[in-house]
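Subject: Structure for you to look at

Hello,

Please find the structure below, followed by notes on what was found in it. Keep it open while you read.

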Amino acid sequence: MSDQVPAPSAEKRASADVLLSVRGLEVHFPIRSGIVVERQVGSVKAVDGVDLDIPRGATVGLVGESGCGKSTLGRAILRLVEPTAGTVTFGDVDVRALAGEDLRRMRRQMQMVFQDPMASLDPRQNVQSVLSEPLRAHGIGGDHRARVRELLDVVGLPASAANRYPHEFSGGQRQRIGIARAIALEPQLIVADEPVSALDVSIQAQVVNLLEELQDRLGLTYLVIAHDLAVVRHIADVVAVMYLGGLVEQAPSDDLYATPLHPYTKALMSAVPIPDPVVEDTRQRILLQGDLPSPADPPTGCRFHTRCPFRQPTRCAEERPLLRTVAGHADAHRVACHWAEDIEAGRILPAASAVVDPDPVREPDPQPDPAT
Amino acid sequence: MRVTDSEPLLRSEPLLDVRDLSVTFTRKGGPTVRAVDGVSFTVRPGETVGLVGESGSGKSVTSLAVMRLLPRRGVQVGGQVLFDGDDLLTLPRDRMRDIRGRDIAMVFQDPMSSLNPVVPIGIQVTEVLERHQDLKGETARAAAEELLFRVGIPDPRRRLKEYPHQLSGGMRQRALIAMALACKPRLLIADEPTTALDVTIQAQIIELLKELVQDTGASLVMITHDLGVVAGLCDTVHVMYSGRIVESAGRRELFGEPRHPYTGGLLASVPRLDAPRGAPLHPIPGSPTDVLSWHKGCAFAPRCPNRLDACIGGPPRLESLGDRSLRCLNPLEQNEEVPA
């Protein structure tokens, strides 16, 4: 996948308004062994050849299960972990070539919002200090107190919050502080790693709405990393689905949810429970067997073939599929599956054991045999 | 499993009858906290009951109180928990220990912290069988292997020798469920059993719970914050807020027509995968910590869009309204749009 040629449409857009462009990005963590002489015995391929474009002013959602490498990808883009191969281009700057002071200055343009606001805020630093630290670090002068008040106002916290400490706030308010810190330097790109998953359900919507409002107001570009498909669908313009280090499908949000093409996307979407008994009782679900394989020893061919209910005897285990367009779908909708057309047309059906029918009474209905 | 008309259930005697349960935590020099306040609900044989609420709503404390797993110091538990006619709260401790694990079993949220990390899975599973069913040695081991196989753990013979850290999160949760089901309990209490898991694994575990409940005829109390999980699984749903039940109804009634502003607010604030995109979310203002204490009025009043002056005059009562019970003075109208 690393040597993949990006789709022409993506290339065209790239010249126009792509803020961040990732090509063939790999992050391999070495596994070392030995006591006296340490040698590398393998590597965990956390991110293994990812191409991704983030258009300016848009929100790209990155979805996947834990261990798929989505957080590592987000961190590698900011160079919080060092990529082992590939390029990251921000505007027209090659981020991987930067070092030292240049890199630090670059970070002003790219900020991060973390999952757990309690863990990412220093408990002994008050809010004034938390929010003015980025200003000090980047040598921005002026009235820091006024700027902090302004930031607090933007994220919907009272000015009196400045003198308080993180433990005095609720989870949602803490996440607002984390967001205020991220926007303090007026960055262009914000990478938000699971921004709402540590919050209570009634609070999640507040933070999602705040992120959207800030985007409109400040013209921010987001990369939102999350495991919750419903949240990503709500917030993102483009969604990329990641599995075991690679992207399996990438599409505009509406297309992806209307017609998921990759078997993994289908399974992921059918696994999300919907708070409506009528829908829950009538929909068919695809259950995946087993767990995510180890990224230290990924399966050959298609990474997903070990769990795929649509697996075919040929190609799947041998050839790693590349992201490609499928006839009848927008160019922006790309999928990494050899059999996407056949699956969409219904010529390949999922293994009967993977399908959970909505109504137990109807279970004796003959399931069509999976084409083998 | 998907019993929508619970008529056969309604006729039978409840298996678990929680009456006016309250739990108060006291701390020297600190304020007393009433975590659970007059909670009553019943679970009939074969029924699946959901307790839904956000963190701090008292749903987990309720389940711990039912199992008598709360520490004895600094905790006062009031009310009655009738299981098959016996009040669990007043049973002698050794009788309670017999019931726990044999008649009532529990599955916790975090499988890593509920398994002993230095003891192989096999010993932890056989321990339950030895304690409650007097199985020994090879018989117990074979029974444990059978159990792991039933909950979908491949190669159970090998897994029995492994330690919890060698299993994935989903496998650990399966092992815990196997332990819970070891003695064919009549009631299974699952406290956020899928919250720590990925969605595809969550779907596997929920499917497994459904199957097991169906096969063994056990009752299930499902404690969760995830409305989606409840919608597909539970026959009856109790929504808790700040220690009290605010709305109880069958799942179709509850999700079809939420009447309590909190229930309605929760439903309006979660993004739905099947909703048209761009539909705005309506968050509930404030946070679950902005509560009024119940004796002063409705705890939800500070966040409620339907608040009346009377709401902060005194505690609202749980009224029975035909198809549901509701604790609200000014409920949402039927089929009313949830106020933004």
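Buried residues make up 45% of the 372 residues in chain A. A residue is called buried if 20 or more other C-beta atoms lie within 10 Å of its own, exposed if 12 or fewer do, and partly exposed in between, with the C-beta atoms placed from the backbone. In chain B, 50% of the 340 residues count as buried.

This is a predicted model, in which local features need pLDDT of at least 70 and side-chain atom pairs count only at pLDDT 80 or more, while totals for chains, interfaces and linings use all residues. Residues are numbered from 1 along each chain as its sequence is written, and chains are lettered from A and ligands numbered from 1 in the order in which they are written.

Chain A overall

Chain A has 13 helices and 14 strands; these are DSSP runs numbered from the N terminus, helices being H or I with at least four residues and strands being E with at least two. Its radius of gyration is 22 Å, close to the 21 Å that the globule rule gives for 372 residues, so chain A is as compact as a globular protein of that length. That radius is taken over C-alpha atoms, and the rule is 2.2 Å times the number of residues to the power 0.38. Along the principal axes, the C-alpha atoms of chain A fill a box of roughly 70 × 55 × 50 Å.

Two residues are in contact if their C-beta atoms, placed from the backbone, lie within 7 Å. Of the contacts in chain A with a separation of 6 or more, 65% are between residues 24 or more positions apart.

Inside chain A

Is helix H7 (residues 171–183) of chain A buried or exposed? In H7(A), 13 of the 13 residues are buried, so the helix is largely enclosed by the rest of the structure.

Strand S10 (residues 246–252) of chain A is mostly covered, with 6 of its 7 residues buried. Strand S9 (residues 238–243) runs antiparallel to S10(A), and 6 bridges join them; strands pair if DSSP finds at least two bridges between them. One bridge partner is A:Gly246 in S10(A), which goes with A:Tyr243. S9(A) and S10(A) form a hairpin with 2 residues between them, and A:Leu244 in the turn has a positive phi of about 50 degrees. S10(A) is also joined by 2 bridges to strand S13 (residues 334–335) of chain A, again antiparallel. There, A:Gln250 stands opposite A:Arg334 in S13(A).

Where the chains meet

The contact takes 40 residues from chain A and 40 residues from chain B. On the side of chain A that touches chain B, the largest share, 7 residues, comes from H8(A). The residues of that side divide into 22 nonpolar, 9 polar and 9 charged. Here Ala, Val, Leu, Ile, Met, Phe, Trp, Tyr, Cys and Pro count as nonpolar, Asp, Glu, Lys and Arg as charged, and the others, Gly among them, as polar.

Chain B

Chain B has 12 helices and 12 strands. B:Met179 lies in helix H8 (residues 169–181) of chain B. B:Met179 is buried, with 26 other C-beta atoms within 10 Å. Not counting residues up to four places away in sequence, B:Met179 touches B:Gln124, B:Val125 and B:Val128.

Regards
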